[in-house]
Amino acid sequence: MSDYLTIFMFFLLAGLAIGSALALVAQRNPLYSAISLVGVFIALAGLYLTLAAPFIAAVQIIVYAGAIMVLVVFVIMLLNVEEEVRQPLRLRFLVPVAVLLAAVLFAEAAFIFFFVNEPAGGGGNAVTTLNQAGTGLTANIGAGLFTIYLLPFEITSILLLMALVGAITLSRRAAVRPSELVVPGAQVLPMHIVDPARIGDATPVEAHTTAESAALSGLFDRAHERE
Amino acid sequence: MIPLKFYLALSAILFTIGVVGVIIKRNAIAMFMCVELMLNSVNLTLVAFSSFFHDVSGQLFVFIVMTVAAAEAAVGLGIIIAIFRNRESLDVDDASILKF
């Protein structure tokens, strides 16, 4: 009974995944594509459950269907993306070549699917043995992640930091442009630090370079006194 | 029960749909989502092998692939916003200055 239920669940989820993936490609509105992609993610999370990998299934829902897709939908809404317009095919003579290559690829895949047998050691396991092994339990994944795979885990954190810096650098506007008054690398100091007698003096010092502004505000001589 | 090759066949089908999407789509965000679909099909392969061979390494690799996908989403969407700000369009055919 449980066997039939598992087989039914596999084909239901596989059909949902393939149907959603086809809808993702076929839709012209990017927002509908994003919703279809969420369908693929949920179907794949169900397939992970049939493979006795509950942790990965939960992370799939939380990270992919939650975080990443919210980010994508947010960008679609922010940019007010228009629908794609179908354009006529260029390079039409390549269509027969594409059909031929696709047929070769399909034949190879079908050959492997029907004629290559699974290895005796691991293949053909029932889900009951998968559950008994407990491979996908959170405790086992945590133990693997923080012992033998600790270095990749730490490298992942550096990768995330780089992605954070890169995203900020790419998407920010050039807010402060170098002007004639503010030279890059120059510091803006209150006048009474340079000269204690001129407290309350808010006169801006107009200069084109850092050295010039230092000379105008009297900072230049004092810097040399200190050396 | 479900043999391993059913999972692999499903993964291959999803990967192929993703490749086709990247090739035929012209919208940058749609291409990005097709790349996410390809990453997910590879994740399915890794989890299937991991479960059938009782080795946790495959699922750890899936974890790391998900982290890379999150980083890719952040940087990729930043690039898309930068392109849109410069060209007022997300059509990749409009951003073809580097093309020979």
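1. Helix α6 of chain A, residues 138-145, packs against α3(B) at an angle of about 75°, with the two axes 10 Å apart. Axes here are lines fitted to C-alpha atoms, for helices over the stretch in contact, and angles run from 0 to 180 degrees between N-to-C directions. That makes α6(A) roughly perpendicular to α3(B); the classes are roughly parallel under 35 degrees, roughly antiparallel over 145, roughly perpendicular from 65 to 115, and oblique for the rest. On the α6(A) side the contact is made by A:Ile141, A:Gly144 and A:Leu145, and on the α3(B) side by B:Ser57, B:Gln59, B:Leu60 and B:Phe63. Two residues are in contact if their C-beta atoms, placed from the backbone, lie within 7 Å. The residues of this contact divide into 4 nonpolar, 3 polar and no charged. Ala, Val, Leu, Ile, Met, Phe, Trp, Tyr, Cys and Pro count as nonpolar, Asp, Glu, Lys and Arg as charged, and the others, Gly among them, as polar.

2. On provenance and numbering: this is a predicted model, in which local features need pLDDT of at least 70, side-chain atom pairs count only at pLDDT 80 or more, and totals for chains, interfaces and linings use all residues. Residues are numbered from 1 along each chain as its sequence is written, while chains are lettered from A and ligands numbered from 1 in the order in which they are written.

3. On confidence: the predictor assigns the complex an ipTM of 0.93 and a pTM of 0.77. Chain B has an average pLDDT of 89, and 99% of the residues score at least 70; pLDDT is the predictor's confidence in each residue, from 0 to 100. In chain B, α2(B) has the highest confidence, at 93, and α3(B) the lowest, at a mean of 90.

4. The interface as a whole takes 64 residues from chain A and 56 residues from chain B. The elements of chain B that give two or more residues to the side touching chain A are α1 (4-24), α2 (28-52) and α3 (57-87). Of these, α3(B) gives the most, with 22 residues. By class, the side of chain B that touches chain A has 42 nonpolar, 10 polar and 4 charged residues. Helices (H or I, at least four residues) and strands (E, at least two) are DSSP runs, numbered from the N terminus.

5. Within chain B, α1(B) and α2(B) pack with their axes 8 Å apart, at an angle of about 165°. The two helices are therefore roughly antiparallel to each other. Their contact includes B:Leu4, B:Tyr7 and B:Phe15 from α1(B), and B:Met31, B:Cys34 and B:Phe52 from α2(B). The residues of this contact comprise 18 nonpolar, 6 polar and no charged.

6. Chain A contains 10 helices and 0 strands. Of its 227 residues, 19% count as buried. A residue is buried if 20 or more other C-beta atoms lie within 10 Å of its own, exposed if 12 or fewer, and partly exposed in between, with C-beta atoms placed from the backbone. Among the contacts in chain A with a separation of 6 or more, 53% join residues 24 or more positions apart.

7. Two backbone angles are worth a check. A:Ala52, in the loop between α2 (30-50) and α3 (54-79) of chain A, has a positive phi near 60° although it is not glycine. A:Ala52 counts as buried, with 22 C-beta neighbours inside 10 Å. B:His54, in the loop between α2 and α3 of chain B, also is not a glycine and has a positive phi of about 55°. B:His54 is partly exposed, with 16 other C-beta atoms within 10 Å.

8. Two further loop positions. B:Asn27 lies in the loop between α1 and α2 of chain B and is buried, with 22 other C-beta atoms within 10 Å. Apart from neighbours within four places in sequence, B:Asn27 is in contact with A:Pro30, A:Val81, A:Glu84, B:Leu90 and B:Asp91. B:Leu90 is 63 residues from B:Asn27 in sequence, and their C-alpha atoms are 5.7 Å apart. A:Gln87, in the loop between α3 and α4 (95-115) of chain A, is exposed, with 9 other C-beta atoms within 10 Å.
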